[in-house]
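Welcome! Have the sequence and the 3D view ready, and let us walk through this protein together, one piece at a time.

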Amino acid sequence: MKIGILTFNWAINYGAVLQMYAEYKYLSEDNEVYIINYVPDYFANMYNKRIFYTQIRFKTAIKKLMEKFIKFEQYKKFEKFINENMLLTEKAKNRNELSKIINKFDLVIVGSDQVWNYDITKEYIGDYLLYNINCNKISYAASLGKNEIKRELVDLFCKSLEKFDFVSLREKTSIDYVNKICKGKKYNLCIDPVFLISSNEWKKISENSNYKIPRKGYVLVYMLEYNPNLLKTARYLSEKYNIPVLSIEIPFIRFFGKNFGIKKLHDVGPIDFVKLFLKAKYILTNSFHGTAFSLIFHKPFISFAHSKVNSRMENLLSLYQLENVQIKNTLNNFEIVEEILKKTQKAYSNLENKEISKVIENSKQYLVEALKKIELKLKREKHEK
């Protein structure tokens, strides 16, 4: 079956690219799969490497100039990873071009990622809902990005979802909410795609990285928002075990005032990202995908609460029976750090009996059953012709 995946392929973001790759890889085992290269100018400009594509202040121009030089290697690695590991369609910049591409596929899968978050997609939300686009369509682990939809968008959502053959969402809170506002359809809970492929497959991918790392081990920091507790813990573990601290920097320049003895890495590509998580001695993160890869590789790690998007991490940790292990408040002593590190190590025993194994299996089964039913639908339509 010829399948097109509609997600945020334009995002220079570790989580976005790696979840897209995992979904593509998993589906490619038995299907011809493409990433739908949908990049309206609005999204392209979010990661535009040009400095003067619009009028900006002098200070902003200087910052963008610095960012261009420091991040150039990182951008190149993202482009290389996508182009070498996934098949992309021709680029579509508007709804008409998107519709023409979609017509070439037997099935379109929307998601994963926050494809149904209006704060990101803005006026293009209807395109990601495939509103009034006639095709076989399902969603996989699509996210609303929040607990509810703007009132003026409810009708658009319900009319769009009604036309989907199958719908799955990434968060249980979203399923509970959508069940109330768009009744009459079954909504399935599915895990983030990075869990669809095994840790061994991720290890094989990391072998393609030639990123140099310390031989004696290191504390890895992956911080999406500034967190003093996380930085204090990094310094504590570094001093205790006499190992350096490496920080994977997100694709924007950030100034924290002090380096805290941390080596900032601005040239990490997607494969390097996987390798750094695999080889780390300890991991400290307030990122969902940072938490996900820590769990996938069975690492001793500490998850720090994120001020805006923490429920995803809490839900994921609960699947490993790791409730109440996040550091959320001011850290006054490091005894809790040692306790959490021990708890995370214990969580990896008897995984087959934990909820995470069931959710992964259910997610795979959802895809298997949805694809089978779409294949039967295609055969019926062909026979009727």
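Predicted model: local features only at pLDDT ≥ 70, side-chain atom pairs only at ≥ 80, totals over all residues.

## A sheet of five strands

An open sheet here holds 5 strands in the order β9-β8-β7-β10-β11, and their pairing is parallel. At its edges stand β9 (262-265) and β11 (301-303), each of which pairs on one side only. Direction ignored, neighbouring strands of this sheet are turned by 20° against each other on average. Look at one pair in detail: strand β8 (residues 245-248) runs parallel to β9, joined to it by 4 bridges. Leu 246 has Lys 263 in β9 as its bridge partner.

Residues are numbered from 1 along each chain as its sequence is written, and side-chain values use heavy atoms, with hydrogens and water left out. Helices (H or I, at least four residues) and strands (E, at least two) are DSSP runs numbered from the N terminus, and two strands pair if DSSP finds at least two bridges between them.

## A sheet of four strands

Another open sheet has 4 strands, ordered β2-β1-β3-β4, with parallel pairing. Its edges are β2 (32-35) and β4 (137-139); each has a single partner strand, so one side of each is left without a neighbour in the sheet. Neighbouring strands of this sheet are turned by 25° against each other on average, direction ignored.

Strand β1 (residues 2-6) pairs with strand β3 (residues 107-110) in the parallel sense over 4 bridges. Here Leu 6 stands opposite Val 110 in β3. Helix α1 (residues 14-27) lies across β1, β2 and β3, and runs at about 165° to β2. Such angles run from 0 to 180 degrees between N-to-C directions, with axes fitted as lines to C-alpha atoms, for helices over the stretch in contact (heavy atoms within 4.5 Å).

## Two helices that cross

How is a pair of packed helices described? The angle between their axes and the distance between the axes are used. For helix α11 (residues 270-279) and helix α12 (residues 288-296), the axes come within 9 Å and cross at roughly 55°. That makes α11 oblique to α12; angles under 35 degrees count as roughly parallel, over 145 as roughly antiparallel, 65 to 115 as roughly perpendicular and the rest as oblique. Where they meet, Phe 273, Val 274 and Phe 277 in α11 face Gly 290, Phe 293 and Ser 294 in α12.

Is α11 enclosed or open? Of its 10 residues, 9 are buried (under 20% relative accessible area, with a 1.4 Å probe and protein chains only), so α11 is largely enclosed by the rest of the structure.

## The nonpolar cores

A nonpolar core is a set of buried Ala, Val, Leu, Ile, Met, Phe, Trp, Tyr and Cys residues joined through side-chain atoms within 4.5 Å. The largest one has 95 residues, of which Phe 195, Trp 202 and Phe 293 touch the most other members. Helix α1 gives the largest share of this core, 9 residues. A second, separate core of 42 residues includes Tyr 34, Tyr 38, Trp 116 and Ile 133.

## A residue on the outside

Finally, find Lys 186 in the loop between α8 (172-181) and β6 (187-189). Lys 186 is exposed (over 50%), with a relative accessible area of 64%.
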